[in-house]
Every structure is written in structure tokens, then in C-alpha cells.
Amino acid sequence: MTDLTLTNLTKQYPGAAQPALHDLTLAAKSGSMIALLGPSGCGKTTAMKLIAGLIEPTSGEVLFDGRSVLHDPPETRGAVMVFQNPLLFPHLDVAANVGFGLRMRGVARAEIDARVADMLAMVQLSSLGSRRPAALSGGQQQRVALARALIVRPRLLLLDEPLSNLDAHLRIEMRDLIKSLQRETGVTTLFVTHDQAEAAIIADEIALILDGRLAQFGPAQSLFQRPSSLAVARFFGLRNVVSGDLSGGRFTSPLGALRCGTATGDGPSVMALRPDAIVIGAGHENTLSATLSSRVYMGTRTQLWLQVGAVQLEAFVPPDQASHLEIGASLQIHVPSAAIWLLPPGEGHIHD
Amino acid sequence: MTRAGRRFRRVAVGALALWSLLPLIPLGIWSVAHGWRFPDILPANLTGSSWVFALSDASGVLGSFAVTAAIAGATTVAALIIGLPAARALGMHEFRGKLLVQTLILIPVIVPGIAFALGLHGVFLTLGLTNSVLGVVLVHLVPALPYMILILAGVFAAHDTDFEDQARSLGASRAQTFWHVTLPAIMPGVVVACLFTFLISWSQFLLTLMIGGGRVVTMPMLLFGFATSGRNDLTGAIALIYILPGLVILLATSRFLSGRPAALAAPGHA
């Protein structure tokens with residue numbers, strides 16, 4: 001059980017124009033599962049390797065339980081990485097792979113054997129201890145990699161896209177296994193992913209990293225519904241962005257004047273409107289007239305593109321509400337004031 | 001592979017085997033011939049006397065065999081110790097002047113041995129290294145090191161360092177990581193490089209002659225002596241003894257010589 005604190009962690013590779021990681025400050029409570037979310041190449045893996053001690057930061061601090069670990073080599077830090085590629089040692093059988101960390105620590109043979117057997121049982125691979133890694137499927141290899149990491153009882157578990165090489169059904173199985181093992185062992189875990197749904201499902205809190213900087217940190221809901229910047233909103237696929245002016249709780253834009261629930265300071269603002277917040281039909285507030293320009297049935301929901309004046313809005317509605325709508329038809333929609341989220345103009349953060 | 005392809009491969013392998021084995025046949029016949037003159041296709045009388053002599057203390061073959069093996073073994077070990085870190089740097093890191101370093105490493109292969117041996121002789125003379133086994137080992141390193149380094153650099157270039165990161169984060173020290181992870185991964189390449197290095201040293205003649213000054217008598221020098229004295233029977237027997245280690249090493253390590261160095265150097269990508 002370890003609290004992890006990162007303070008202004010920066011990594012600048014020699015010759016690179018931009019730092020791979022810029023000023024990352026983050027606190028993960030003991031026993032929590034944090035997702036480092038971001039597009040590929042955004043600095044997530046760099047952050048992991050800095051925490052594991054595999055590379056050294058240009059500046060900043062890595063603290064385990066409040067103590068700096070920057071001078072501890074990777075083998076004594078107790079932060080174990082599991083990579084996207086399972087990286088099982090090909091010359092060792094499955095049991096020897098799982099027991100590797102204990103063998104390096106000089107643990108007695110009998111204890112290693114017992115703990116390996118326990119660990120293989122936990123990942124449901126008890127019968128495969130004497131197999132070579134090459135004889136395992138991708139999902140089995142990744143489970144061995146997980147067992148090999150957990151057996152040393154790490155202070156921190158660092159999972160670097162461990163699911164992205166797996167087939168869809170294996171991903172879900174593996175994701176649930178990781179989640180349950182993490183709960184069982186209580187190990188503080190960082191989980192790198194570029195998949196926002198995966199991050200939302202698996203993690204207690206999400207740290208969104210864009211271009212090497214922490215864009216937002218918090219529970220999944222806050223990132224989805226209360227993005228701190230346009231960049232965050234865009235990362236989560238939000239396309240309804242309308243510029244306007246806020247004054248006395250009313251947001252005036254090409255859409256007209258809308259009443260807002262969470263009004264901040266008056267002045268120029270940008271409205272971010274989630275597509276699922278738009279409701280078909282007139283409401284008691286913020287009713288707009290729209291023309292339907294496109295309708296795509298997506299299974300559990302229907303995507304609509306609505307023309308409101310000069311503005312195109314994307315809406316997700318339940319399929320049964322949209323089935324009778326014709327392309328080109330005029331309709332009324334409304335936007336509940338509580339769903340309107342306002343950001344300062346430009347790419348700046350809301351708290352800047 | 002198609003049937004025609006398989007047949008072509010069989011023919012090619014057969015031709016290659018003939019090409020390498022044919023020259024050995026007269027050597028073998030000579031070694032047991034008691035007089036073998038034109039126009040006889042085969043010698044009239046056979047005898048084992050040249051083998052008896054070659055294997056006796058009087059011929060010096062066994063002693064020379066031991067010296068040659070010791071020199072080649074020492075050269076290989078020294079080349080491995082020097083070459084491994086150099087190859088790792090060349091294979092895994094990009095740095096300024098890398099091309100220059102690579103070219104410099106290749107120079108001993110390009111420059112004729114006699115050219116640098118003349119210069120080295122002077123240096124070794126002042127250092128008291130001439131006429132000694134140590135001096136011969138050192139001069140053998142000159143042609144052997146480029147092969148050792150370049151083969152191992154290729155091995156390291158194909159080596160996935162994520163395995164080492166994985167081992168470190170699991171609790172292995174630097175030394176443990178090298179011993180338990182890196183070495184098993186690069187072993188096939190190391191074996192091949194050592195085999196080459198050993199055989200390069202094993203076949204040196206000129207450098208041994210110049211630095212050893214005739215005092216360090218390796219197998220090629222002994223063989224040359226008998227060949228120039230016109231003793232074809234002894235030359236045949238000693239030549240066969242001389243090529244024996246090469247064949248033995250080749251057969252013993254043939255499982256590493258599959259022609260798939262990259263696949264061997266970076267296992268684990270299922």
C-alpha cells in the first residue's frame with residue numbers, strides 16, 4: 001500500500017523540441033487505480049518509466065509515501081511495469097517466468113514454488129506452469145505477465161496498455177481480471193490507455209495527458225461532463241462547441257440566448273454541449289427550432305445532425321424517439337440549462 | 001516450398017558439400033599412401049606410417065595443436081571481452097561519429113595483414129612481446145575483433161531492450177539482468193561470433209610467423225614446413241588433423257547457424 005505523488009515531473013529527451021512529459025503533478029492514494037489516458041505519443045509511457053526508475057527525469061520529484069525514490073534503482077523501487085507486449089522470457093517456462101522476481105531477490109526455492117502455484121491459480125493458469133511462453137495464447141501470456149508482476153508484491157503496479165494487443169472479448173475478460181486482482185491485492189495501480197471507455201470502466205480517477213501535459217485529473221464523470229478545457233472536451237469527442245457571450249446567467253450565441261445552470265464569470269465564453277444532453281421536443285427552457293440534416297442509427301442510440309440557424313449540432317437520442325423523423329424535417333429541441341458547460345474562450349484551462 | 005524448390009535445394013546442398021569435401025579426398029589418400037605417382041589413379045600401397053609419425057611426440061603435431069588451440073581460445077575470450085561492450089554500444093545506441101567508428105573497426109579487414117604486422121613488429125619488439133604466445137594472441141586480435149564486434153552488433157541491434165527494462169522493474173540488478181536475460185537472448189549470436197573468431201585465429205599464418213618469430217609454432221606453420229619439404233603423406237595427415245576442430249565446432253554449433261540471426265537474437269515475439 002503506497003501513496004504515489006508526482007511533483008512537476010518533466011522529461012526532456014536530448015535533441016527533442018518538446019519535453020516528452022511536462023510538469024506532471026499528480027497524487028494517487030494508496031490502493032487506488034488511476035488511468036493515465038491520452039493519445040499515443042502523449043507522454044504516458046514516459047511517465048510510467050520515470051516512476052519505475054527506468055529513465056531519469058529532467059526535473060521534478062517522484063515520491064512513494066512522501067519519500068523521494070529518485071535515487072533508488074528500478075530493482076529496489078518496487079514499482080513493477082507490465083508492458084503492452086507481455087515480454088515473457090522465452091528461455092524460461094511459465095513457472096520460472098512468474099517466479100523470476102522472487103529468484104532475483106534470493107527467495108528460497110520452496111517458497112518460490114508455493115507462491116508461483118498460488119499466483120498461477122489466481123490468474124487461472126495452474127495447469128500451464130511447465131509450458132514455454134511461445135506455447136501460450138496472447139491472453140494467457142498477458143496473464144502470466146500480470147502474475148509475474150504481482151508475485152513480488154509491488155508497491156506500485158504500472159500497466160502500460162496491457163490490453164491493447166488482445167482481441168475484443170479477451171480485453172474485457174482481462175480488464176475484469178485486472179480490476180479484481182487490484183481490489184484483492186490493494187496495490188496502487190497506474191493504468192496507461194488511449195481508450196477513454198477502458199479508462200472510465202477500470203479506474204477510480206483519470207489523468208488525461210495531452211501533449212506531455214496533464215490536461216485534467218479527476219473521476220471519469222468530471223472529465224466527461226465537466227471538461228476543464230476545449231482540448232479535453234475534444235479528446236472526449238465533443239463536437240458541439242459554440243462561441244458566445246455570457247452575461248447574467250444567459251449565454252448569447254448564434255443559437256440565441258440560452259439560460260445556463262453553472263454560470264461562471266461574465267464575458268466571452270465557449271459552450272461545450274454534450275450530444276446526449278440535447279432532448280427532442282419543446283421544454284420549459286432553452287427551446288430551439290432545428291432542421292434535421294442527417295440521421296444515423298447506431299444500435300443503442302441514434303446520431304442526429306441538427307441545423308440550428310447557422311450552427312450544426314450533434315445529438316444522440318434514443319432510437320425510438322428518432323425513428324419517425326425525416327431528413328429535412330423541422331423539429332423543436334431543448335437543452336436543459338444544467339447540461340450547458342461553459343469554458344473560457346481559446347484553449348486555456350478554466351482555472352488559469 | 002514447391003517440389004521443384006525442394007529439389008533445387010537438395011542439389012545445391014549436394015554441390016556445396018562436394019565443393020568443400022572434394023579437396024579433402026586427395027589429402028586423405030596422401031596421408032595413407034606409400035608412394036603415389038603419376039599416372040596411378042590410386043596409390044599402389046597403403047600405409048599408416050605417416051599417421052603414426054604425425055601423432056608421435058617426434059613430429060610436434062600434438063604440442064602444436066595444443067598451442068594453436070590455446071592461442072585461438074585466448075584470442076576468442078579476449079575478443080569477446082573487448083567486443084561485447086563495443087558491439088552493444090554500436091548495435092543499440094545512436095551517437096555522433098558512429099559511421100566513422102564502424103569504418104575504423106573494419107579497417108583491419110581491409111588493410112593487408114603484412115602492412116600492419118610490419119609496424120606492429122617494431123612496437124612489440126620494444127615491448128618485449130615478440131616471440132611470445134601473448135604477442136601472437138594480441139596480433140591475432142587485430143583481424144579477429146572486427147568480426148566479433150560486427151556480428152555481435154547485429155545481434156544487439158535485433159535485441160529488444162524492453163526485456164531488460166522488464167527484468168529491472170521485477171527486481172533484477174544490472175548484473176542479474178545481463179546474466180539471466182540479456183545473455184540467454186544473445187547466446188546464439190555470441191556462439192556464432194566466437195566460432196568465427198576462433199577459426200580466424202586458428203588459420204593465421206603470416207601474423208603468427210612475423211610476431212611469433214618462428215618460436216611460436218602453430219598448426220599452419222607446422223603444416224607449411226611439411227608441405228614445403230615435399231612430404232605429401234605427412235602434409236595430408238597433419239592437414240586433416242588441422243581441419244578437425246573447425247568441423248567439430250561447426251557440427252556442435254550448427255543448431256545456432258540456422259540463417260535466422262534476427263529471429264534468434266530477439267526471441268519472445270510470438
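This is a predicted model: local features need pLDDT of at least 70, side-chain atom pairs count only at pLDDT 80 or more; totals for chains, interfaces and linings use all residues.
Residues are numbered from 1 along each chain as its sequence is written, while chains are lettered from A in the order in which they are written. Local features need pLDDT of at least 70, side-chain atom pairs count only at pLDDT 80 or more, and totals for chains, interfaces and linings use all residues.

Helix α7 of chain B covers residues 133-157, and because 25 residues at 1.5 Å a residue should span 36 Å, the 35 Å between its end C-alpha atoms agrees; the expected span is 1.5 Å times one less than the number of residues. Of the 25 residues in α7(B), 19 are buried (20 or more other C-beta atoms within 10 Å of the residue's own, with C-beta atoms placed from the backbone).

In chain A, five strands form an open sheet in the order β13-β12-β11-β14-β20, with antiparallel pairing; strands (E, at least two residues) are DSSP runs numbered from the N terminus, and two of them pair if DSSP finds at least two bridges between them. β13 and β20 of chain A are at the edges, each with a single partner strand, so one side of each lacks a neighbour in the sheet.

| Strand (chain A) | Residues |
|---|---|
| β13 | 256-259 |
| β20 | 340-343 |
| β11 | 240-247 |
| β14 | 267-273 |

Strands β11 and β14 of chain A run antiparallel and are joined by seven bridges, and A:N240 has A:L273 in β14(A) as its bridge partner.

How values were computed: Helices (H or I, at least four residues) and strands (E, at least two) are DSSP runs, numbered from the N terminus. A residue is buried if 20 or more other C-beta atoms lie within 10 Å of its own, exposed if 12 or fewer, and partly exposed in between; C-beta atoms are placed from the backbone.
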